[in-house]
Amino acid sequence: MSNNVKILSYTEIAGEVIVLLGSALKITGWFWLPYMFAFGVLVFSVGRLGVQNQMEDSSLTLRRLFKQRVIGVFFLVLSSVLMFLTPGFYLSSMFYVHTSSWLLPFVIFVVIELCTAFRISDELKKS
């Protein structure tokens, strides 16, 4: 593992910790928590996408799983954006922003993350 991949992996882990703290402490209602969550999402996204760009010579299954992780990062960024919107904001005639609207994309991210984490580790053991 090269030095760049190690740094990006540590960046990804640090971002995950900040995202978890920001999402867990959201119930306290502190005004700075969406900023903490967004910073964690930014750090996590840089680490995640950077590590994926360093992976070469991957099988078709691994490339597909990495693409699913990119979709998960998109949902995490969407969750961060929804955390900043005030309740009662209408994005369109069909979508009303509630105080917990950010949770749906966050849960989708978590499900994608769980599914791909176990599959990727199995695929890396095979190769």
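**The second largest pocket**

Reply: Helices α2 (33–54) and α3 (60–84) each contribute at least two residues to the lining of the second largest pocket; helices here are DSSP runs of H or I with at least four residues, numbered from the N terminus. The model is predicted, so local features need pLDDT of at least 70 and side-chain atom pairs pLDDT 80 or more, while totals for chains, interfaces and linings use all residues. Residues are numbered from 1 along each chain as its sequence is written, and side-chain values use heavy atoms, without hydrogens or water.

A pocket is an open set of points on a 1 Å grid over the protein atoms alone, where a 1.4 Å probe fits, with protein on both sides within 12 Å along at least five of seven lines; lining residues have an atom within 4 Å of a point. The volume of this one is about 230 Å³, counted as the space filled by probe spheres set on the points, which are joined across faces, edges and corners. Its lining has 17 residues, with K26, P34, M83, F84 and L85 closest to the centre. Twelve of the lining residues are nonpolar (Ala, Val, Leu, Ile, Met, Phe, Trp, Tyr, Cys or Pro), four are polar and one is charged (Asp, Glu, Lys or Arg).

α3 also packs against α4 (residues 103–126), at about 160° and with axes 8 Å apart. The two are therefore roughly antiparallel, the term for angles over 145 degrees. Their contact comprises 17 nonpolar, five polar and five charged residues.

R48 in α2 and E16 in α1 (residues 3–24) lie 32 residues apart. The structure holds six such bridges, each a side-chain nitrogen of Lys or Arg within 4 Å of a carboxyl oxygen of Asp or Glu.

Along the sequence the pattern is α-α-α-α.

Note on methods. Axes fitted to C-alpha atoms, helices over the stretch in contact; angles between N-to-C directions. Parallel < 35°, antiparallel > 145°, perpendicular 65-115°, else oblique.
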